[in-house]
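Open your viewer and get ready to click along. We will go from a helix to the ligand, and then on to the pockets.

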Amino acid sequence: MKRILLKTGDGSFTFQLPEWDEQYHSKNGAIAEALHVFIKEGLHHWISKTPSSEISIMEIGFGTGLNCFLTVIESMKMDLKIRYTGVEAYPLEFSEIEKLNYPSLLNCPDQLFLQLHSAVWERGVAISDTFQLEKQKRFFSEIERKNSFHLIYFDAFGIKVQPELWTAEIFQLMYEALKPRGVLTTYAANGSARRAMQSVGFTVERLPGPPGKKEMMRATKE
Ligand SMILES: C[S@@+](CC[C@H](N)C(=O)[O-])C[C@H]1O[C@@H](n2cnc3c(N)ncnc32)[C@H](O)[C@@H]1O
């Protein structure tokens, strides 16, 4: 499917899928959205609730690698050991990745960002002393990990374009992949996704959303 580079509200780039009228991130700010939904309401929330020196995270939709990059930066700042699994069925081309302006906006070396994308698939790779990345090339419906993650960044395309990813079947896989008291965080806030999460056992909170969005959701495996 054709992808077009798009500048979002905070100056950071994302990709747009014109056929679906859908973006990889919010048009109001890709970095702002990722920092709010996944870092603040996901990673920082988890750490404040469960102080620990090690955390295991799965990302649903590795895409541009922005969430992963922000998480690497946090792991360095906090000296926190992170094992990160990024699941993605349709990786971007390297020529597309090189166009993204995340390293310069975040004041980090290009090399660190590109390293995330050049890491081999299906194997754990040390990105830094504190961060290990395993990228898995597969469909979300093929996730088989059980009781493995403290945190899931659920960053699939929206329910309007991929309703099959916001169902009880998919959230059941997420529930099983999480450890007890594990947390799933997502930018979405629609009622049918919330009910699908609740139907498999999640407790769901509605929280203030990132810029331009009233609400987002966070689900906990109680
Ligand atoms: C909203 S975008 C991801 C955004 C990504 N987290 C980022 O920061 O760039 C959703 C991602 O899910 C991937 N995807 C879509 N359907 C999928 C499926 N059924 N299984 C695995 N990956 C899928 C897309 O290729 C895309 O990279």
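Select helix α1 and look at I39, where α1 bends by about 40°; the bend at a residue is the angle between axes fitted to the seven residues ending there and the seven starting there. Helices here are DSSP runs of H or I with at least four residues, strands are E runs of at least two, and both are numbered from the N terminus.

Some ground rules: this is a predicted model, where local features need pLDDT of at least 70 and side-chain atom pairs pLDDT 80 or more, while totals for chains, interfaces and linings use all residues. Residues are numbered from 1 along each chain as its sequence is written, and side-chain values use heavy atoms, leaving out hydrogens and water.

Next, show the ligand. Which residues come nearest?

- E59: a polar side-chain atom lies 2.7 Å from a ligand nitrogen.
- G61: a polar backbone atom is 2.6 Å from a ligand nitrogen.
- D155: a side-chain N or O atom is 2.7 Å from a ligand nitrogen.

Now select E22, Q23, A156, F157 and G158, which lie nearest the centre of the largest pocket among its 47 lining residues. A pocket is an open set of points on a 1 Å grid over the protein atoms alone where a 1.4 Å probe fits, with protein on both sides within 12 Å along at least five of seven lines; lining residues have an atom within 4 Å of a point.

How values were computed. Polar contact = N/O pair within 3.5 Å; in protein donor to acceptor, adjacent residues only side chain to side chain.
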